[in-house]
Amino acid sequence: MAIGSAKKERIDSLAESTADDSGVSLAASAWKRLRRSPVFLFGSFIIVAFVIIAIISPWIAPHDPSARDLADQVIKARNEIPKPQPGYPLGGDLQGRDFLSRLLVGAQQTLLVGVFATLIGLVGGLALGTLAGAFGGWVDSLVMRFVDVMLSIPQLLLAFGIGALFAKPNLFTVILAVSIVQIPVFARLLRGSMLAQRESDHVLAATSLGVKHGAIVFRHMLPNSLGPVIVQSTLVLATSIIDAAALSFLGLGNPDDRIPEWGQMLGGAQTVIDTHPQLAFWPAGCIIAIALGFTLVGESLRDALDPKNRR
């Protein structure tokens with residue numbers, strides 16, 4: 001009798017201790033883990049620093065990135081370019097322009113390409129993925145076959161092909177080429193998430209209550225399917241920056257070198273890479289660093305939002 005009474009008191013005390021504890025949402029639980037993740041914090045630091053520099057670069061650049069202030073120090077016959085000197089810590093490029101200023105301003109162009117290419121690809125992928133996941137049947141088959149054709153072509157090769165279609169390449173053509181490549185990635189991911197939502201209990205309950213199909217799609221299925229897509233968008237930002245730099249490196253970007261861009265700077269340095277490797281080292285290092293930042297944040301978000309990792 002005493003043992004049964006002690007057991008009952010123990011159960012009652014446990015119930016009282018947990019009665020006031022509020023539930024923790026997936027987002028709150030994920031943020032709690034992210035704040036303690038050194039990988040996420042390091043990646044976030046890189047991204048924040050990159051964004052700040054890109055925004056304020058026109059004001060912090062020590063010189064006009066298009067002005068040939070050091071042109072008199074360029075001796076093409078001897079393959080000489082301006083060396084680091086007071087006021088020009090990284091020296092000049094092949095045209096005698098301040099290399100540091102071009103590196104700083106080039107961050108802004110890279111940010112524009114990465115963000116807008118990802119946004120356009122995300123919108124296009126959401127449209128196709130929603131069609132396939134919401135209707136199913138022949139609509140799903142038609143959309144997915146189109147997506148499969150796009151995915152069968154290597155992404156970089158497809159971006160090159162799209163970029164080469166334009167007679168006068170510029171920043172917009174680079175954004176368009178990179179964004180089209182990303183559309184099937186988002187479409188397939190969203191379609192898979194929405195198909196999983198179709199069999200969930202809350203969707204089946206709404207269907208049994210006679211809720212219209214459109215309301216079920218946009219109020220229940222789509223909002224609950226966006227988590228993996230948002231995480232993927234951070235990873236796509238990294239690949240968009242790399243793809244855009246590759247297009248500019250091959251001459252499919254903005255031909256006006258008065259507006260600096262990291263991929264364009266890499267392309268201009270390829271002829272003197274053996275004698276002046278610093279002209280390629282700095283823009284390549286910046287591309288690698290920012291791509292690493294977005295990749296670290298994306299992988300951390302993926303791990304944090306995985307329900308299997310909840311404690």
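## Arg 188 and its partner

Arg 188 is partly exposed in this predicted model, where its relative accessibility comes to 33%. Its salt-bridge partner is Asp 148, and the closest N and O atoms of the two residues are 2.2 Å apart. Because Arg 188 belongs to helix H7 (residues 171-198) while Asp 148 belongs to helix H5 (residues 137-151), the pair ties together parts that are 40 residues apart in sequence. Asp 148 likewise counts as partly exposed, with a relative accessibility of 26%.

Across the whole structure, a search finds 7 salt bridges. One of them joins the side chains of Arg 97 and Asp 93, with an N to O distance of 3.0 Å. Arg 97 counts as buried because its relative accessible area is 7%, which falls under 20%. Asp 93 is buried as well, at 9% relative accessibility.

## A pair within helix H11

Glu 299 and Arg 302 form a salt bridge in which the closest N and O atoms are 4.0 Å apart. Both residues sit in helix H11 (residues 278-304), where they are separated by 3 residues, or about one turn of the helix. Glu 299 is partly exposed, with a relative accessible area of 33%, and Arg 302 is also partly exposed, with a value of 37%.

## Packing of H9 against H10

Helix H9 (residues 213-249) and helix H10 (residues 262-269) have axes that come within 7 Å of each other and cross at roughly 40°. The two helices are therefore oblique to each other, since an angle of roughly 40° lies between the limit of 35 degrees, under which a pair counts as roughly parallel, and the range of 65 to 115 that counts as roughly perpendicular. The crossing of H9 past H10 is right-handed.

On the H9 side, the contact is made by Ala 245, Ser 248 and Phe 249, which meet Gly 263, Gln 264, Leu 266 and Gly 267 of H10. The residues of this contact comprise 3 nonpolar and 4 polar ones, with no charged residue among them.

Definitions and conventions. Residues numbered from 1 in each chain as written. Predicted model: local features only at pLDDT ≥ 70, side-chain atom pairs only at ≥ 80, totals over all residues. Heavy atoms only, no water. Buried < 20%, exposed > 50% of the residue type's maximum accessible area, 1.4 Å probe, protein only. Helix = DSSP H or I, 4+ residues; strand = E, 2+ residues; numbered from the N terminus. Axes fitted to C-alpha atoms, helices over the stretch in contact; angles between N-to-C directions. Parallel < 35°, antiparallel > 145°, perpendicular 65-115°, else oblique. Left-handed = near helix turned anticlockwise from the far one by under 90°. Contact = heavy atoms within 4.5 Å. Nonpolar A, V, L, I, M, F, W, Y, C, P; charged D, E, K, R; others polar.
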